[in-house]
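Subject: Structure handover

Hi,

Here is the structure you are taking over. Please open it first, then read the notes below it.

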Amino acid sequence: MLDSTEKTFDFSDEYFAINISEKPFEIYDHKTKSNIVYSYKDLEDGINSDLNNFCAYLLALKIEKNLLFNADNNLKLNKKYTLTLGDKIKIFSDIIVNKKITKLDIVERENYALYNEVKTDFETGIVKQKNLIKLFDILYKNTKISGNSKGLMKALREFNHDFFFSSENLSKSKIGKYFKVT
């Protein structure tokens, strides 16, 4: 996570969003509350477009060299950022509402039939409610909501009430309940 107001970098072993040398990273914009990088190419383009500003920032930093090589301090600096349940719900909601199929490659590997169904649904502008818990469980194993469809829907509605609670977005047909995504 890059927070431009605090000038901090946090790293996560959570799945999202970029796999670079098999190390997953997520770069998150605190102003827009969304991910700003979805692929290695996006990351590369972003770095290249902001390289001069970043270099100026690094040159302006005052670094205490004795802290850089202190083993105890390095252990503290290497603590991993862990996503909260709220973070996971935000990311998941963003994937669903904005039809970010590229974020579901782990689903493609673990449940190809589900991935294809969701991909087809995204292309037709819907997502089936019954598939939300299946997707969430694959993306976020061992979360206290795992396997609990009502709990997931409650959390999604609390985060994005306008989308997940709106009668305009929720429909029912022979395929079951589904949300309209555009």
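Start with a pair inside one helix. Asp105 and Arg109 sit four residues apart in helix H5 (residues 105-110), so about one helical turn separates them. Helices here are DSSP runs (H or I, at least four residues), and strands are E runs of at least two, numbered from the N terminus. The two side chains meet in a salt bridge, at 3.7 Å from N to O. That term means a side-chain nitrogen of Lys or Arg within 4 Å of a carboxyl oxygen of Asp or Glu.

Asp105 is partly exposed at 24% relative accessibility. Arg109 is exposed, at 57%. The cut-offs: buried is under 20% relative accessible area, exposed is over 50%, and partly exposed lies in between (1.4 Å probe, protein chains only).

A word on the source. This is a predicted model, where local features need pLDDT of at least 70 and side-chain atom pairs count only at pLDDT 80 or more, while totals for chains, interfaces and linings use all residues. Residues are numbered from 1 along each chain as its sequence is written, and side-chain values use heavy atoms, leaving out hydrogens and water.

The structure holds five salt bridges. Glu110 pairs with Lys141, with the closest N and O atoms 3.0 Å apart. This pair links distant parts of the chain: Glu110 is in H5, and Lys141 is 31 residues away in the loop between helix H7 (129-139) and helix H8 (149-159). Glu110 is partly exposed at 45%. Lys141 is partly exposed too, at 44%.

Asp121 forms a salt bridge with Lys128, again with the closest N and O atoms 3.0 Å apart. Both Asp121 and Lys128 are buried. Shared partners join Glu117, Asp121 and Lys128 into one salt-bridge network.

Now H7. Eight of its 11 residues are buried, including Leu132, Leu135, Phe136 and Leu139.

The axes of helix H4 (residues 85-97) and H7 come within 11 Å and cross at roughly 125°. Axes are lines fitted to C-alpha atoms, for helices over the stretch in contact, with angles from 0 to 180 degrees between N-to-C directions.

Best wishes
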